[in-house]
Amino acid sequence: MTAKQYLQDYKRLENNYIMAIEEYKNVEREMVSIKSPNLDGDRVQTSPQNDPIGKIVVDLEDEKAKIGIKIVKIRTQMTIVRNQISEMENVNAEFGHILLLRYVLYKDWKFICSQLNICRAQANIVHGKALLEFDNKYGTNFHDR
């Protein structure tokens with residue numbers, strides 16, 4: 001995996017994070033709308049279920065916990081990438097800024113050029129150098145992926 005691919009992966013992480021949050025909210029809504037089971041006296045049960053609602057609640061709580069762990073893992077990965085980009089500003093302020101604008105804020109080249117007050121050709125050069133420096137600094141973290 002290249003530095004560029006690694007940084008582009010941030011968008012996938014963000015999408016996964018948003019989907020996991022929605023999934024968590026759906027489980028919470030499901031918990032609120034649990035319906036009581038139909039306990040008509042017309043049927044005889046040979047093996048009664050002690051607490052059907054309790055089982056549903058426990059299952060939903062387990063699902064919420066799993067989703068919560070997933071959310072924390074994704075958020076941690078996102079924070080690592082953001083911190084790595086922020087640390088690039090210590091190497092060169094333009095490097096950190098261009099990587100942040102391009103890969104975290106998803107800005108187009110026209111916007112980036114106006115923010116950095118440089119032409120597109122210069123932006124390409126700075127971007128290329130930033131990716132090389134990022135790869136030199138953090139490449140061991142993502143080359144094996």
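**View 1. Helix 2, end to end.** Helix 2 covers residues 52-91, and its 40 residues reach 60 Å from the first C-alpha to the last, close to the 58 Å expected at 1.5 Å a residue. That expected span is 1.5 Å times one less than the number of residues. Helices here are DSSP runs (H or I, at least four residues), strands are E runs of at least two, and both are numbered from the N terminus. This is a predicted model, in which local features need pLDDT of at least 70 and side-chain atom pairs count only at pLDDT 80 or more, while totals for chains, interfaces and linings use all residues. Residues are numbered from 1 along each chain as its sequence is written, and side-chain values use heavy atoms, with hydrogens and water left out.

**View 2. The buried side of the story for helix 2.** Among the buried residues of helix 2 are Leu-60, Ile-67, Ile-71, Ile-74 and Met-78, and the list also includes Lys-64 and Gln-84. Buried means under 20% relative accessible area, exposed over 50%, and partly exposed in between (1.4 Å probe, protein chains only). The buried residues of helix 2 pack against helix 1 (3-32), helix 3 (93-104) and helix 5 (120-142). Across the protein, buried residues make up 28% of the 145 residues.

View 3. A salt bridge is a side-chain nitrogen of Lys or Arg within 4 Å of a carboxyl oxygen of Asp or Glu, and the structure holds five. Glu-23 is partly exposed at 31% relative accessible area, and Lys-70 is partly exposed at 39%.

**View 4. Salt bridges within a helix.** In helix 2, Lys-55 and Asp-59 are four residues apart, so about one helical turn separates them; their side chains form a salt bridge of 3.0 Å, N to O. In helix 1, Asp-9 and Arg-12 are three residues apart, again about one helical turn, and their closest N and O atoms are 3.0 Å apart. Asp-9 is buried at 17% relative accessible area, whereas Arg-12 is partly exposed at 40%.

**View 5. Two cysteines, no disulfide.** The structure holds zero disulfides, a disulfide being a pair of cysteine sulfur atoms within 2.5 Å. For Cys-113, the nearest cysteine sulfur is that of Cys-119, 7.0 Å away. Cys-113 is buried at 10% relative accessibility, while Cys-119 is partly exposed at 48%.

Key: Contact means heavy atoms within 4.5 Å.
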